[in-house]
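Dear colleague,

Please find below the structure that I am handing over to you. My findings follow it, and I would be grateful if you read them with the structure open.

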Amino acid sequence: MSTNEKQGTSRRTFLKTTGQAAVATALVGAMVPRVHAAEDNTINVALVGCGGRGSGAAANALSVGNGPIKLKAMADVFDDRLKASYEGLKNEFGDKVDVPNDRKYIGFEAYKKAIDELKPGDVAIFATPPAFRWLHFTYAIEKNVNVFMEKPVTVDGPTSRRMFDLAEKSRQKNMKVGVGLMCRHCEARHELLDRIRSGEIGDILTMRAYRMSGPLASCFSDPKPANISELHYQIRRFHSFLWASGGCYSDFLIHNIDECCWMKGGWPVEAKACGGRHFRGDQIDQNFDSYSVEYTFDDGTKFFLEGRNIAGCHDEFASYAHGSRGSAIISTASHSPAKCRIFKSQVMDKANLVWAYPQPEKNPYQLEWNELIAAIRQDKPYHEVHRGVEASMVTSMGRMAAHTGQVVRWDDILNCEHEFAPNLDQLTLDGPAPLLANAEGKYPVPLPGINKRREYDVI
Ligand SMILES: NC(=O)c1ccc[n+]([C@@H]2O[C@H](COP(=O)([O-])OP(=O)(O)OC[C@H]3O[C@@H](n4cnc5c(N)ncnc54)[C@H](O)[C@@H]3O)[C@@H](O)[C@H]2O)c1
């Protein structure tokens, strides 16, 4: 794939510009006030996107033990999701959930109303499908509220560029922003990183990661039932649609990608990949069921990533690093406990074990919230958005390589003009969806080698 470096932003320019912006930021005064040191030190939280993770993040927020914290408003596009989330949280947290019916908001504008219930310096949680991140974040910046946003934070090139700009704006306003790549807060991985940095496995030569299981969440979908709108269906089953989630690749593989790049200490410059759908039947989603990606770092180091959602095959959910003097397990099975270990050879067995993080481990989903709220109370810098966008973009880079069949470089994805949901801020539940089905009810799917510059064609 050719790179439009002259007209677009090159990786080098981009890194230089964000570095300068960071310096400029240091010169800008605090604009989000340190309200929580005053007489009322309650931090209020608004939950936008009241599904599984949003409810979990709200529970983590309400479990932080360093001062009063309350859930004050909730927003979702679907009433049933909000109701179930409210009931679960109310049962568990009682008075800490202070959301009467007139602070429960439904619809595409609900996020604004929930954020309006906060005072500057409070926290909004964004746990909708990632397509909405930039839109909701824009409003949070306008209203000077801190944010916790779930991963991925972008799904394509144009929204990544937009989010880099928003990241800078929010940093200049002294907003504290957490991104739900919670493995970055895992104590075991932190100790492993220190050991890798101090040379315990030598230079990293190769990394490997696997997320292989049966079908997960809403990654595969049957045809839309006649009694619900197109947009309703696509949002309910957002893992099936690239505009909403980046598909199963972005949603499921970003954690492994992020933790490997973290251990390596940089982002890959290039991806090439294979992918396909072995068993589609009548299903209409846009996902492949298998992805095999080779990421390359600028020093030539390779990182191999395998994603598969097929039942009955070998299952594995783990990341590994291989160095010139030994090897390491970054994560063992899912996110936590990581059970990080170091081995003196490439054979990862007991005989070669030189270090293992002691068990049990603390829950990284809770740690990320403890650290965010502590930073808000102490007015310490806390800003994960740039890194979150970089992780999301590197994820999109691998996905685009598989979906187009081309080598995709950092600058290709950064400058890619294919915005999956360009009119996102104008959606209404009964209006048109960002993706339309053909007369047979089928959506465009990736065609590697045929569609070389876009992951799918819009009908
Ligand atoms: N960090 C992690 O380990 C982790 C784990 C699970 C999910 N996630 C992330 O959290 C996000 C949500 O995933 P989930 O599993 O909770 O999905 P979910 O379907 O359970 O929840 C999403 C909720 O957002 C609502 N919603 C959709 N569009 C909205 C909009 N425009 N405004 C308001 N509400 C809207 C939906 O109705 C739903 O209630 C995803 O980005 C996912 O990748 C992260």
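Which residues in H5 meet which residues in H6? Please bear in mind, when looking for them, that this is a predicted model. From H5 come Trp 134, Phe 137, Thr 138 and Ile 141, and they meet Thr 159, Arg 162, Met 163, Leu 166, Lys 169 and Ser 170 in H6. By class, the residues of this contact between H5 and H6 are five nonpolar, three polar and two charged.

The geometry of this pair is as follows. H5 covers residues 133-142 and H6 covers residues 157-172; their axes are 10 Å apart, and the packing angle is about 20 degrees. Angles under 35 degrees count as roughly parallel, and H5 is therefore roughly parallel to H6. The crossing of H5 past H6 is left-handed.

A second pair of helices is H2 and H3, the latter spanning residues 79-93. Their axes come within 10 Å and cross at roughly 25 degrees, so H2 is likewise roughly parallel to H3. The crossing of H2 and H3, however, is right-handed. On the H2 side the contact is made by Gly 54, Ser 55, Ala 58, Ala 59 and Leu 62, and on the H3 side by Ser 85, Gly 88, Leu 89, Glu 92 and Phe 93. The residues of this contact between H2 and H3 comprise five nonpolar, four polar and one charged.

The ligand is surrounded by 26 residues, of which the closest are Gly 49, Gly 51, Arg 53, Arg 81 and Glu 150. At least two residues of this shell are supplied by each of helix H2 (52-62), strand S2 (69-76) and helix H4 (110-116). H2 gives the most, with three residues. The shell divides by class into 14 nonpolar, six polar and six charged residues.

Finally, I would draw your attention to Ile 125, which lies in strand S4 (residues 123-126). Is Ile 125 buried or exposed? A residue is buried if 20 or more other C-beta atoms lie within 10 Å of its own; Ile 125 has 31 C-beta neighbours inside 10 Å and therefore counts as buried. Leaving aside neighbours within four places in sequence, Ile 125 is in contact with Val 45, Ala 46, Leu 47, Val 48, Gly 54, Ala 57, Ala 58, Ala 61 and Phe 148. Ser 229, by contrast, is 104 residues from Ile 125 in sequence and 27 Å from Ile 125 in space, C-alpha to C-alpha.

Yours sincerely

Note on methods
Residues numbered from 1 in each chain as written. Predicted model: local features only at pLDDT ≥ 70, side-chain atom pairs only at ≥ 80, totals over all residues. Axes fitted to C-alpha atoms, helices over the stretch in contact; angles between N-to-C directions. Helix = DSSP H or I, 4+ residues; strand = E, 2+ residues; numbered from the N terminus. Parallel < 35°, antiparallel > 145°, perpendicular 65-115°, else oblique. Left-handed = near helix turned anticlockwise from the far one by under 90°. Contact = placed C-beta atoms within 7 Å. Nonpolar A, V, L, I, M, F, W, Y, C, P; charged D, E, K, R; others polar. Near = placed C-beta within 6 Å. Buried ≥ 20, exposed ≤ 12 C-beta atoms within 10 Å, placed from the backbone.
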